[in-house]
Amino acid sequence: MPVDFEVQSTLHVGIIMDGNGRWATGRGLPRIMGHRAGVEAARRAVEAAPDAGIGILTLFAFSSDNWRRAPAEVDALMRLMAVYLENETTGCAARGVRLEVIGRRDRLDAKLCSAIAQAEAATAAGHRLWLRLAVDYSARDAILAAARGLRELSRDALERAMGPPVDLLIRTGGERRLSDFQLWESAYAELVFTPTMWPDFDASALAAAVREFRGRERRFGSVPQVPVYRQQAWLD
Ligand code: IPE
Ligand code: IPE
Ligand code: MG
């Protein structure tokens, strides 16, 4: 019997934006310059996403484990994220981008918290692209928090409490690991790892990753879809 494949109306792409530090040090620059270039790459990816057929874009900006970095780098990242949100809010609202920040808020400074609240409120009506920025985010903590919020723990209830499933997960910077990003949501994500450092990742690289995704066969535990006439031939 032909298999009824799940039809995705919106493509959810998650990106682990890695390699800013190496991009900078490779050029004899301080790591923070890599983060600045990384912000530009994020801006480009958000702009290119709708044309690449992406409906939901989840960008990993700062992991809960990134607090382990030197305070000066952490401070710079926090400032950059606040400036990014302040600068991008108007453009996102105009382009129909709904911006949401996922992750813990209680360890972020007041300036970043208010930039987040402002950006989320100003872009709430956007329906062209749902942009989710993961800040102080840990997938393990997100699963725990969602489970704790349930009255009764079941797989369906937890599924509903988590974010949308990731279709395509891209990691730049050459590492082949998930580093605590979207662990539940990526159960059947297609993985694309690229050696390109995040600041060099552009619209054509994003389009190429989506093309690679389109060429993959997703089976969700089932078997390849077989045309009906072939099945008949086997039966004869
Ligand atoms: C990704 O780039 C940005 C963050 C994790 C905040 P990195 O800063 O991890 O860059 P590399 O991996 O050291 O090159
Ligand atoms: C993952 O990158 C987090 C972000 C891209 C924000 P890391 O550079 O922190 O991951 P590891 O330490 O190499 O696993
Ligand atoms: Mg890294």
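The structure is a predicted model.

**Helix α4**

- The buried residues of α4 include Leu112, Ala115, Ile116 and Ala119.
- These residues cover an arc of only 100° around the axis, which means that they lie on the same side of α4.
- Ala110, Gln118 and Ala121 are exposed on the other side of α4.
- The packing partners of the buried α4 residues are helix α3 (71–94) and the strands β3 (97–102) and β4 (129–137).

**Cysteines**

- The structure holds 0 disulfides.
- Cysteine 92 takes part in no disulfide, as the nearest cysteine sulfur, that of cysteine 113, is 19 Å away, whereas a disulfide requires sulfur atoms within 2.5 Å.
- Cysteine 113 is likewise in no disulfide, its nearest cysteine sulfur being that of cysteine 92 at 19 Å.
- With a relative accessible area of 0%, cysteine 92 is buried.
- Cysteine 113 has a relative accessible area of 23% and is therefore partly exposed, since the buried class ends under 20% and the exposed class begins over 50%.

**Surroundings of ligand 2**

- The residues around ligand 2 are Ile16, Met17, Asp18, Phe60, Ala61, Phe62, Ser63, Asn66, Arg69, Arg171, Arg177 and Ser179.
- For arginine 177, an N or O atom of the side chain is 2.8 Å from an oxygen atom of ligand 2.
- For arginine 69, the corresponding distance from a side-chain N or O atom to an oxygen atom of ligand 2 is 3.3 Å.
- For arginine 171, an oxygen atom of ligand 2 is 3.3 Å from an N or O atom in the side chain.

**Histidine 35**

- Histidine 35 is located in helix α2, which covers residues 31–48.
- The relative accessibility of histidine 35 is 7%, so this residue counts as buried.
- The side chains of histidine 35 and glutamate 73 are joined by a polar contact of 2.8 Å.
- Apart from neighbours within four places in sequence, histidine 35 is in contact with Asn20, Arg69, Glu73, Leu77 and Leu80.

Methods. Residues numbered from 1 in each chain as written. Chains lettered and ligands numbered in written order. Predicted model: local features only at pLDDT ≥ 70, side-chain atom pairs only at ≥ 80, totals over all residues. Heavy atoms only, no water. Buried < 20%, exposed > 50% of the residue type's maximum accessible area, 1.4 Å probe, protein only. Helix = DSSP H or I, 4+ residues; strand = E, 2+ residues; numbered from the N terminus. Arc of directions from axis to C-beta. Contact = heavy atoms within 4.5 Å. Near = heavy atom within 4 Å. Polar contact = N/O pair within 3.5 Å; in protein donor to acceptor, adjacent residues only side chain to side chain.
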